[in-house]
Amino acid sequence: MTGSSSSGAHAASATDPGVSTSGALRGLGTTMQGILLLLGSCMPVLGAVLLSPVLPTMAAHFADTPGVAILVPMVLTVPALFVALVSPVAGAVADKVGRKNLLLWAMVAYAVFGMAPFFMDSLVQIVVTRAFVGVCEAFIMTCCTTLIGDYFHETRRNKYLSLQTVFTTVSAVAFLTIGGLLGAGGWRNTFWMYGVAVVLAAIMLPVLWEPVKNPTRNLRQAVPWRQLSKPAVVTLFGGIAFYTLVVHLSYILTDLGLSDVARIGMMSALASLATAVGAFSFRLVGGFGPYRLLPIAFGLTSVGFVVIWGASSIPVAMAGAVFASAGTGLLLPSLITWALGVLPQEVRGTGTGIWTSSLWIGQFICPFVVAALGAAAGGLAAGIGILGLLAAVMAAVSFFTAGRPVKANSVTQATA
């Protein structure tokens, strides 16, 4: 796929300050391009939550299929596993061949594999298509985040990285609602929603431009592995923390005596709103740098988890959930800013892919980690509390490992 570059891209030259030493354009992103990349970032969220409302219906439809109790949940979880596995490869390919066309092809393939189950009568075949959806999501998420780093820098980059978390959080609520409405007419109808990716790709085609003019040949030598390993490891824990309440808040509320599904949904929406507020705040405070913001984010998460541990009533548990969710909302843009800050543009795709993989691995293993901690500590709330104590430790670790913003960003500002 090819498309015309923006007027700003055409006007840039080798002597233009918007062109890096590697021949890549920087700092020329428009609001329209930013919005398109934010919408593209929502596609993995669509894949994760859209089908939740119709899983029971699917289970009933395929009741005679051997292994249905395992296969139906895999329809929802398999994409996340493949995002974690494929993202580093997606980032390396983006650095080798460029970002724009790779993103467009991934969007089209995402729509094809996403809609395919509408025509299928085999649950196993559906699970296979879901694996390919995960592969496409890895390329989409990695390319969108990398292009945000390519198109914007400093304050504008902070703005779009914070909005990325806001958009994905809010879209999760919207996709759950849409999934329920479409599923009311039959579980197959839900899969048509994946077609929106083709529409979005058609809009991206003439609007986005390719920032990489001289693809990197020796990625292994060019990637700053030591600097990148720190945000990658911390992000692995951050993924666990971020997903903890997404998965377990309803169980906590049920254990405290709340049985009304509608009220549980409202409480979960309140926690999601706190996540969005935490993420949105990053555009205001992002200039303080990861080494200041990560301890605050992990600290809020720690306080929230510990409050949930000791909660004996629903209001107290929700207070803890709001604190923790605000912390995790601030956490994600702070982590990706840290990672982008150590990456020269020519290997930004590879580094972003590794960061994305760390985040999704953390999210994927979250239920197992919390279950193991709960089994050892004497219950789900206690397991979350132990995770909160570990978050306090991570707050201290991140303060000493994230580095000072001026030094950390010096390479990026010279090459971004």
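Colleague: How are α6 and α7 oriented to each other, roughly parallel or roughly antiparallel?

Modeller: Bear in mind that this is a predicted model. Helix α6, residues 100-115, packs with helix α7, residues 123-151, at an angle of about 150 degrees, and their axes are 9 Å apart. Angles over 145 degrees count as roughly antiparallel, and the two helices are therefore roughly antiparallel to each other.

Colleague: How do the residues of the contact of α6 with α7 divide into nonpolar, polar and charged?

Modeller: On the α6 side the contact includes Leu102, Leu103, Tyr110 and Gly114, while α7 contributes, among them, Thr129, Phe132, Glu137 and Leu147. Gly counts among the polar residues and Glu among the charged ones. The residues of this contact divide into 15 nonpolar, two polar and one charged.

Colleague: Is Val212 buried or exposed?

Modeller: Val212 lies in the loop between α9 (196-207) and α10 (219-222), and its C-alpha is 9.2 Å in space from that of Lys100, although 112 residues separate the two in sequence. Its relative accessibility is 12%, and the cut-off for burial is under 20%, so Val212 counts as buried.

Colleague: Which residues form one aromatic cluster?

Modeller: The structure holds 15 aromatic pairs, where two rings pair if their centres lie within 6.5 Å. One aromatic cluster includes Tyr110, a residue that also belongs to the α6 side of the contact with α7. The cluster is formed by Phe62, Tyr110, Trp187, Phe191 and Tyr194.

Notes: Residues are numbered from 1 along each chain as its sequence is written. This is a predicted model: local features need pLDDT of at least 70, side-chain atom pairs count only at pLDDT 80 or more; totals for chains, interfaces and linings use all residues. Side-chain values use heavy atoms; hydrogens and water are left out. Rings of Phe, Tyr and Trp (its six-membered ring) pair if their centres lie within 6.5 Å; planes under 30 degrees apart count as stacked, over 60 as edge-to-face and the rest as tilted. Axes are lines fitted to C-alpha atoms, for helices over the stretch in contact, and angles run from 0 to 180 degrees between N-to-C directions. Helices (H or I, at least four residues) and strands (E, at least two) are DSSP runs, numbered from the N terminus. Angles under 35 degrees count as roughly parallel, over 145 as roughly antiparallel, 65 to 115 as roughly perpendicular and the rest as oblique. Contact means heavy atoms within 4.5 Å. Buried means under 20% relative accessible area, exposed over 50%, partly exposed in between (1.4 Å probe, protein chains only).
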